[in-house]
Amino acid sequence: MAKPSETKELHSQDSSTSSQDHHNWITEQNTLKDKLITEDCFTWKLSQESEERLRYVGGVDISFSKNDSSMACATLVVLDFNTLQIVYQDFSFVTLRVPYVPGFLAFREAPVLLDLLEKMKRTNNPFYPQLLMVDGNGILHPQGFGLASHIGVTANLPTIGIGKNLHHVDGLDKSRVMKLLEAKENSSKDFITLVGSSGRTWGVAMRSKQRSLKPIFVSIGHRISLQTAITIIQMTCKYRIPEPIRQADISSRDYIRKIEMSAVGLN
DNA sequence: GCGACAG
DNA sequence: ATCTTGTCGC
């Protein structure tokens, strides 16, 4: 029979999770991780001369209601890689019942984002992205399998993870990264490689714009090399955050704001 | 044991 | 993630 801690959450809006959930999540992460590809695996090219060029780059983000933290707006945008203009945009309002647990962001956010991708594929949308940027880490993650990798493997799509804050892993913490960024020998570099205590490379801390001291953290999501990911991120940064992510963020906030305005009107 | 911990 | 105004600077 179920223990009290397992029954009381059944009808709760803001559900918590058990150690059993965590165990299942880790198992699923490890299963998906077997399919992870950390090198360039796509047919398009970046060069102008190429027959098949990278043209459609997607970005996904989720914004939350300030009133009800389980109410969210998930957004998928697709930009033209050359002009960085939006060519496709879709969103979905959802109630997220899975809480945010550090290391398991994908179990909260991936389902609704995958739905948005699936909808495009199902309708044979010509703007279906050739590459997807995700706000959240790829392999820069305790299990080496963050949200960007989770979405990449599940959707079988090349993905890049972009974190705005560092997820501490393998001895990499804020102070260590700041020291590296401030070191004289690194002062002119626009990114530094994040090598952990184990010697493993997890991604890079990138100064996407010279003036912005605060870096972004770029890591492999799926089917792309770190080197290619860096190049593409640099090519899509008008500001600190690469445009596909930034536009998705702006759109989802905008949608949430409009919804809350109409909700206030009903009260 | 205590603190840290993407969004 | 979100709560929050102005402010300094290009």
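Mentor: Start with a pair of strands: β6 and β7 pair in the antiparallel sense over 5 bridges. The model is predicted, so local features need pLDDT of at least 70 and side-chain atom pairs count only at pLDDT 80 or more, while totals for chains, interfaces and linings use all residues. Residues are numbered from 1 along each chain as its sequence is written, and chains are lettered from A and ligands numbered from 1 in the order in which they are written.

Trainee: Why are β6 and β7 called a pair?

Mentor: Two strands pair if DSSP finds at least two bridges between them, and β6 and β7 have 5 bridges, so the term applies. Strands are DSSP runs of E with at least two residues, and helices are runs of H or I with at least four, both numbered from the N terminus. Within the pair, phenylalanine 191 stands opposite methionine 206 in β7. The hairpin of β6 and β7 has 5 residues between the strands, where glycine 199 takes a positive phi near 100°.

Trainee: What makes β7 mostly covered?

Mentor: Of the 6 residues in β7 (residues 201-206), 5 are buried. A residue is buried if 20 or more other C-beta atoms lie within 10 Å of its own, exposed if 12 or fewer, and partly exposed in between, with C-beta atoms placed from the backbone. Over chain A, buried residues make up 36% of the 267 residues.

Trainee: In what order do the strands of the open sheet lie?

Mentor: The sheet has 8 strands in the order β3-β2-β1-β4-β5-β8-β7-β6, with mixed pairing. Its edge strands are β3 (86-95) and β6 (191-195), because each pairs on one side only. From one strand to the next the twist averages 25°, where axes are lines fitted to C-alpha atoms (for helices over the stretch in contact) and angles run from 0 to 180 degrees between N-to-C directions.

Trainee: Why is asparagine 156 called exposed?

Mentor: Asparagine 156 has 11 other C-beta atoms within 10 Å, and the limit for exposed is 12 or fewer, so the label holds. Asparagine 156 lies in the loop between α4 (147-155) and β5, with a positive phi of about 50° although it is not a glycine.

Trainee: How do you know that chain A is as compact as a globular protein of its length?

Mentor: Chain A has 7 helices and 8 strands. Its radius of gyration is 19 Å, close to the 18 Å that the globule rule gives for 267 residues, so chain A is as compact as a globular protein of that length. The radius is taken over C-alpha atoms, and the rule is 2.2 Å times the number of residues to the power 0.38. Along its principal axes the C-alpha trace spans about 60 × 45 × 35 Å.

Trainee: Which residues surround DNA strand C, and what makes a residue near it?

Mentor: They are Ser63, Phe64, Lys66, Lys164 and Arg253. A residue is near a strand or molecule if its C-beta atom, placed from the backbone, lies within 6 Å of it.
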